[in-house]
Amino acid sequence: MEKKKIWLASPTMHEWEKKYVQEAFDTNWIAPVGPHVNAFEKEVSAYTGAKYAAALSAGTAAIHLAVKLLGVGEGDYVFCSALTFSASCNPVCYENATPVFIDSEPDTWNMSPEALEKAFEKYPNPKAVICVHLYGTPAKLDEIMEICQRHHVPMIEDAAESLSATYKGKQTGTFGKFGIYSFNGNKIITTSGGGMLVSEDEDAIERARFLATQARDPARHYEHSQIGYNYRMSNVDAGIGRGQLKSLDLHRKLKKKIYDTYKAAFADIPEIMMNPINPDGEANYWLSGMMISPESHITPDQVMDALAEENIESRPVWKPMQLQPVFADCPFFSHREEGSVSEDVFRYGLCLPSDIKNTEEDMELIIRTIRKVFGT
Ligand SMILES: *Cc1c(COP(=O)(O)O)cnc(C)c1O
């Protein structure tokens with residue numbers, strides 16, 4: 001018999017999503033414009049405390065517009081988190097600028113303030129800093145913001161994975177000049193695909209909407225004085241997003257329970273360390289992960305193989321950007337003298353199934369399977 005598939009993180013729909021999508025159908029608002037788009041922007045603003053928001057077709061589109069609005073162009077440097085998904089830094093290259101990769105620190109796996117300082121010594125005038133909150137755990141924002149402010153460099157917060165996570169009581173995504181969220185299928189809430197750009201700067205968000213709708217100048221005919229994009233969110237997707245937003249707090253609660261269950265289950269295995277959580281914030285626990293002690297004879301591959309045997313999905317940690325062939329020529333600043341934290345996390349870490357639909361029996365099977373690999 002085929003074993004039941006256990007997912008890493010898959011969409012979870014509730015009642016309101018269907019209602020809002022039905023409403024879009026009933027009113028024929030099947031377009032990248034409409035009442036759900038406007039309402040979703042307002043509701044994300046209200047939830048996060050970000051003053052203004054623009055609903056877009058992807059988180060990547062949001063990063064791209066943030067980069068554009070900050071005037072990043074050829075010859076510019078942009079400091080980016082090294083341990084992340086490539087979508088964090090690709091938009092820097094869309095604008096022909098150069099990403100400079102900043103290593104992780106071991107306490108949260110996010111951008112190292114020490115490595116960031118080193119990068120400023122060599123490149124004192126970057127155009128922006130793109131800081132990620134990996135797996136839903138806030139970065140050391142006080143330290144990073146202080147460095148950015150001292151150097152008068154704007155920060156873009158890539159909060160694609162961390163919607164609903166807070167740092168010292170304030171939502172991630174609302175600290176930088178710009179924040180971005182993703183509603184891709186595997187994120188904590190989803191619109192199937194989509195993103196949001198947020199800022200305190202009303203003009204900037206208005207300009208983002210303009211660029212996202214092909215940069216049409218105000219005129220009866222089609223008049224263009226700039227290059228635009230087709231980056232707006234569909235009214236159907238925004239309906240899904242409005243429904244999902246109502247369950248965001250529930251999703252975070254269930255994600256935390258998954259993390260706590262793993263942490264308790266592996267507490268007696270000294271070779272296993274769960275992904276770190278910043279004590280200065282509340283993570284959203286989007287993905288639970290673990291790191292295996294370098295001294296252990298067990299490798300992440302062995303764990304992932306054992307899980308795959310049981311039809312359980314798991315995944316390596318993001319492969320750091322400085323190790324990607326496409327970014328081989330980009331500068332990199334390590335947190336340490338030798339090697340790097342991000343490379344160690346990649347080498348010894350893995351992401352565990354964190355799907356909120358997984359049952360207690362599923363969790364028991366996952367835990368039992370992993371414990372067996374460690375001989376317990
Ligand atoms: C998912 C993700 C993105 C990209 O978001 P999309 O909506 O898929 O374009 C960017 N950065 C990080 C860190 C992500 O995890």
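Is S164 buried or exposed, and what is its relative accessible area? S164 is buried, with a relative accessible area of 2% (buried means under 20%, exposed over 50% and partly exposed in between, using a 1.4 Å probe and protein chains only). This comes from a predicted model, in which local features need pLDDT of at least 70 and side-chain atom pairs count only at pLDDT 80 or more, while totals for chains, interfaces and linings use all residues. Residues are numbered from 1 along each chain as its sequence is written, and side-chain values use heavy atoms, with hydrogens and water left out.

Now for the overall picture. The protein chain is built with twelve helices and 15 strands (DSSP runs numbered from the N terminus: H or I for helices, at least four residues; E for strands, at least two). Its C-alpha atoms fill a box of roughly 70 × 55 × 35 Å along the principal axes. The radius of gyration is 21 Å, which agrees with the value near 21 Å for a compact globule of 376 residues; this radius is taken over C-alpha atoms, and the globule rule is 2.2 Å times the number of residues to the power 0.38. Of those 376 residues, 58% count as buried. As for contacts (heavy atoms within 4.5 Å), take those with a separation of 6 or more: 71% of them come from residues 24 or more positions apart.

Most residues other than glycine have a negative phi. S164, however, has a positive phi of about 85° although it is not a glycine, and it sits in the loop between β5 (155-158) and β6 (166-167). A215 is not a glycine either, yet it has a positive phi of about 50°. The loop that holds A215 runs between α7 (202-212) and α8. A215 counts as buried, at 0% relative accessibility.

Helix α8 itself, residues 235-245, is where R242 is placed. With a relative accessible area of 14%, R242 is buried because that falls under the 20% limit. Leaving aside residues up to four places away in sequence, R242 touches Y20, H36, A39, F40 and E43. With E43 there is also a polar contact, side chain to side chain, at 2.7 Å. A polar contact here is a pair of N or O atoms within 3.5 Å; within protein, one must be able to donate a hydrogen and the other to accept it, and residues adjacent in sequence count only if both atoms are side-chain atoms.
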